[in-house]
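Let us learn to read a model, one feature at a time. We start with a single residue and then turn to the ligand.

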Amino acid sequence: MTNPLSSHQLTEAQKQQWEQDGYLVIPSFFDGEETKEMLDEAKRLCDEFEVDGHPMTTFKTAADGEHVGDEYFLTSGDKIRYFLEPTSLSPATSTQPAKLIVPPAQSINKIGHALAMLNPVFRKHTLESDRIRDVAKSLGAQESPRVLQSMIICKQPRIGGVVPCHNDSTFLYTDPPSAIGAWIALEECTPENGCLSFLPGSHRLSRTANRFIRAPDGGTTFMDVPGVEPNEENWDDMEGWRKAPCSPGTLVLIHGSVMHKSPPNPSDKTRIIYTFHMIEGGKGVKYDEKNWLQPTKEMPFPALF
Ligand SMILES: O=C(O)CCC(=O)C(=O)O
C-alpha cells in the first residue's frame with residue numbers, strides 16, 4: 001500500500017526494527033508516479049552525458065587498495081558530476097588514453113554529489129519532501145539533519161561493479177559518528193542485479209575506527225580515528241548476512257555503522273537507485289576539514305528541517 005503523500009511517521013515496530021538491525025526497508029515509500037519521475041530523470045541525466053573532453057574518472061572503492069580521489073571527485077560535493085565504471089574503459093597505454101568501450105550512457109557508475117540541491121526532481125523528493133522530513137524526525141536519531149552526498153548509482157548491466165563491505169560513517173565521518181543513509185530503489189533490485197546486503201545488528205558492534213579523508217599531499221586515503229580501538233572482526237566473512245531485495249519506490253534507511261555491501265551486476269538489467277545521506281548538524285557534532293567531501297561557502301550542507 002502506498003503511504004499517504006503528506007506524511008510518514010515510522011511505527012513503533014519500524015523503530016524497533018531499525019534499532020535491532022541498523023537498517024529499515026520501507027516498501028512503497030514513493031508511489032509509482034514519483035518513482036517513475038526520478039527514474040526518468042536519472043535516465044535523462046545518463047543520456048545527457050557527453051563523453052568528449054570529459055574526465056575519465058572512474059569510481060573505485062578501496063576493495064582493491066585503490067580509491068577515487070582526483071580533483072574532479074574531490075570538488076564534486078556541490079555539483080552534478082559523472083563517474084564511470086572502471087570496466088567501461090579500455091586501459092590507458094603509454095600512447096593511448098583510456099577510451100570508452102561501451103555507449104556513454106551505459107558507462108556511468110554514479111552521478112553526484114549534489115543532486116538534492118541542484119536537480120529539481122531530486123530536490124523535490126529530498127529537501128522538499130514532507131515525507132522524508134517526517135521519517136527523519138520520527139526516527140529521532142538526529143536533532144538537525146544536514147543533507148549531503150546525494151547521488152544516482154546505476155549498477156549497469158554486465159559491468160556494474162561490487163560495492164565492498166563498508167559502513168557509511170567511515171566515509172562521512174563526524175565526531176561522534178552520526179551518518180544515516182536514505183537509499184531509494186528506482187528499479188527492481190534483486191540478488192541477480194546486485195541488491196544490497198546487510199549484516200543485521202553490526203551497527204551495535206562496529207566502531208568507526210577508520211575514516212576516509214583527503215590525503216595531505218593530494219588524493220584520498222584512510223586514517224585511524226585517534227582513541228578508537230580497531231575492529232578485530234572480519235565482517236564480510238561473518239554469518240548472518242541478509243539480502244535486501246526490493247521493488248521500485250522502496251526507501252531503505254541505513255545506520256552509519258551498519259555493515260553493508262552489494263555484489264556486481266552480471267545480469268542484463270540495470271539497477272538504478274537514488275541515495276542521499278544525513279549527518280547530525282546539531283548537538284555539537286563535528287564534521288571536519290579532513291573529510292573527502294567538503295561543504296562550500298556557496299553551498300553549505302542544507303538542513304532537512
Ligand atoms: O547502491 C549500492 O549498491 C551501495 C550503496 C551504498 O553502499 C551506500 O550508499 O552506502
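Q: Is Gly112 buried or exposed?
A: This is a predicted model. Buried means under 20% relative accessible area. Gly112 has a relative accessible area of 0%, so Gly112 is buried.

Q: Where is Gly112 found?
A: Look for the element that holds the residue. Gly112 sits in strand E5, which covers residues 108-113.

Q: Which residues is Gly112 in contact with, leaving aside neighbours within four places in sequence?
A: Contact means heavy atoms within 4.5 Å. Gly112 touches Ser76, Lys79, Ile80, Arg81 and Phe83 in this way, and also Ser150 and Met151.

Q: How many residues apart in sequence are Gly112 and Ile153?
A: They are 41 residues apart in sequence. In space, their C-alpha atoms are 8.8 Å apart.

Q: Which residues surround the ligand?
A: Ile153 is one of them.

Q: Which side chains have an N or O atom listed with a distance to a ligand oxygen?
A: Asp168 has one at 2.8 Å from a ligand oxygen. Trp183 has one at 2.9 Å. His260 also places a polar side-chain atom 3.0 Å from an oxygen atom of the ligand.

Q: How much of the ligand does the protein bury?
A: Taken alone, the ligand exposes 300 Å², and the protein buries 95% of that.

Q: Which elements give two or more residues to the shell?
A: Strand E7 (163-166) and strand E14 (260-262) do.

Terms used:
Residues are numbered from 1 along each chain as its sequence is written. This is a predicted model: local features need pLDDT of at least 70, side-chain atom pairs count only at pLDDT 80 or more; totals for chains, interfaces and linings use all residues. Side-chain values use heavy atoms; hydrogens and water are left out. Helices (H or I, at least four residues) and strands (E, at least two) are DSSP runs, numbered from the N terminus. Buried means under 20% relative accessible area, exposed over 50%, partly exposed in between (1.4 Å probe, protein chains only). A residue is near a molecule or strand if one of its heavy atoms lies within 4 Å of it. A polar contact is a pair of N or O atoms within 3.5 Å; within protein, one must be able to donate a hydrogen and the other to accept it, and residues adjacent in sequence count only if both atoms are side-chain atoms. Accessible areas come from the Shrake-Rupley method with a 1.4 Å probe; for residues, only the protein chains shown count as cover.
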